[in-house]
Amino acid sequence: MPNLFTLVLQITVILAVCRVTGGLFRRFHQPRVVGEMFAGILLGPSLLGWVAPHFSAYLFPAGSLGFLNALSQVGVVVFMFLVGLGINPKELKHQSHAAVLVSHVSITAPFVLASVLALYLYPRLSDESVSFTNFALFMGAAMSVTAFPVLARILVERGMMKSKLGSVAIACAAVDDVTGWCILAYIVVLIRAAHHATSIWVTLAGILLFAAIMIYGVRFLLRGYERAFRKHGEISENGMAILILLAMASALCTERLGIHLLFGSFLMGAIMPKEPKFVRYIVDRFETVTVTLLLPLFFAFTGLRTNIGLVKGPAMWFYCALIIAVAAAGKLGGSMAAARLSGMPWREAAGLGTLMNTRGLMGLVILDIGLDIRIISPALFSMMVVMALVTTFMAVPLLDLICPDQALRTVPKRVSVPDVPLQEIA
Amino acid sequence: MSSSNRNFIFAYAFLVILPLAALAGVLKSGRKLAAPPAIDGLWNFQFESSHGATSTCTDALVTLFEKTVSISQSGTTFVLSMPDDARITGVGTLSGTKLQAAFASSEPAAVGCAGHQQVLTADLDRKVGRGTLAGILSAPNCPSCAPLAFRAERASISAPGTPNKGDH
């Protein structure tokens, strides 16, 4: 049984710290999510546990973290459903050659650079229980992901959503996330299959069958929701309950199949109807609780697992700096080079690279899975979290430098962009 | 084929297909790399008799390690901790199969040796069971502390793929 007093106290402190830190970051024109990610680090062993170990042990006793984690994972399941909901495969089909090239290069460039870096880091930060292939593929997946919601938020705030740069960035981020998650699913299956009795072929067949049922069966049934929304302008409570049940059932299926809960909820979101008003309606129903209550718990839990103290000594800080440099070179440099080769002017190409370099919450979710399945060590996890924070944090100041054009920087107080939800999440 | 299509195909081959081929090469060459042995997990310590040379310090050391000790590994470095006593943690390095760690405590009294640093040195034997450690636990700067020989057996392995919920 959870100690309810401890759990509620934890939630209260986490929410308070996240709101304050998020608000502070907003003052510096950073997306709130960056501040909340930072708040998680502040509450963990990197700061609170270091400055006030007794209070930290009282507030976050080891035995209580399982409950906090369970709550935070529910939040991430809902969040991944919303991320999937925000991705519209039809929009991706109509993208230009430039978008196709940039999106693919923004995956391959960081992926290849990360695997080259893995050659150096594997003997230093991993151990023999993890194979090099899995280690390198994970590093690649973690470095090639883009924070789709954070990117959308930055574009909205700068009034760039409808610009060519904005539409290419959104399309590329969507492709990156789908690809990144597919690669991660593959790695998780490989690793789990090696330690479970079920053959990998049975697992793969199960996953393919599940995906086929979802895409060719459930997707058509879900159109009824869109029709009901068009007719009544809302979805009934029962309808919403069934939708939640479907998302949870899909998550459970993928967990049972040996991948992860999050893939199921992401897929469920991805196959939902994409009529903009309908998407906005669904997002509005889930957003408040997810953003203000559950995601801060995830940030705090991630922060509790991040121990900057493990990054000790010049060698460890060198590895950390190398990870940040390689991540930025691969994602920012790769996207920028591809955009420039596609004919985009230098400034726009650099802006696109900067936007693609934000990893934000998506990066943390992937890293969390990596630590859970023990493919990355605690020290490497901490370094990768620092990398995700730094690359996300640098996006806004870099954009200010690269795209100082007032027309692109207009910040309307309230912008309605119905075709890209998740603005508040970021 | 239009020139823009041709350019796209060349750019795609150069920026996407070529790097993917390079990736295959990197993955192949990486298979030859050797990572440090895995010591992550819970370890049960057993001390050899100190033949009457006990003191408050050595008694405290034995008491400390009598329970399960957790090792959290990050490549060639690791953190030792007592699951029942968060005040005591040790930081160490792994060189081949040799381990060396130094203990610090947020409360000097907790290690029973008036703040003297405890040092653990051990050899890892991977052939026996899940792995064993044989070594010495000592407090080099404490005059009343006799070094203690120990053996430790790995009680649980944190294998990849094993959920790690609740850790931190």
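Axes here are lines fitted to C-alpha atoms, for helices over the stretch in contact, and the angle between two of them runs from 0 to 180 degrees between their N-to-C directions. In this predicted model, helix 12 (residues 237-256) of chain A and helix 13 (residues 261-270) of chain A have axes that come within 6 Å and cross at roughly 140°. Angles over 145 degrees would count as roughly antiparallel, and helix 12 of chain A and helix 13 of chain A are therefore oblique to each other. Their crossing is right-handed.

On the helix 12 side of this contact in chain A lie residues including A:Leu246, A:Ala247, A:Ser250 and A:Glu255, and these residues of helix 12 meet a group in helix 13 of chain A that includes A:Leu261, A:Phe263, A:Gly264 and A:Met268. By class, the residues of the contact between helix 12 and helix 13 of chain A comprise nine nonpolar, four polar and one charged.

| Helix pair | Angle | Axes |
|---|---|---|
| Helix 12 and helix 13 of chain A | roughly 140° | within 6 Å |

The contact between the chains as a whole takes 48 residues from chain A and 40 residues from chain B. On the side of chain B that touches chain A, the elements giving two or more residues are helix 1 (3-30) and strand 2 (69-74) of chain B, and helix 1 of chain B gives the most, with 13 residues. That side of chain B divides into 21 nonpolar, 15 polar and four charged residues.

Chain B itself has two helices and eight strands, and 31% of its 168 residues count as buried.

The largest nonpolar core has 165 residues, and the members that touch the most others are A:Val102, A:Leu151, A:Ala169, A:Leu352, A:Met383 and A:Met384. Apart from that core lies another of 21 residues, among them B:Phe45, B:Leu64, B:Val69 and B:Leu94. Beyond its neighbours within four places in sequence, A:Met383 is in contact with A:Val311, A:Tyr319, A:Cys320 and A:Ile323.

Key. Residues numbered from 1 in each chain as written. Chains lettered and ligands numbered in written order. Predicted model: local features only at pLDDT ≥ 70, side-chain atom pairs only at ≥ 80, totals over all residues. Core = buried A, V, L, I, M, F, W, Y, C linked by C-beta atoms within 7 Å. Buried ≥ 20, exposed ≤ 12 C-beta atoms within 10 Å, placed from the backbone. Contact = placed C-beta atoms within 7 Å. Helix = DSSP H or I, 4+ residues; strand = E, 2+ residues; numbered from the N terminus. Nonpolar A, V, L, I, M, F, W, Y, C, P; charged D, E, K, R; others polar. Parallel < 35°, antiparallel > 145°, perpendicular 65-115°, else oblique. Left-handed = near helix turned anticlockwise from the far one by under 90°.
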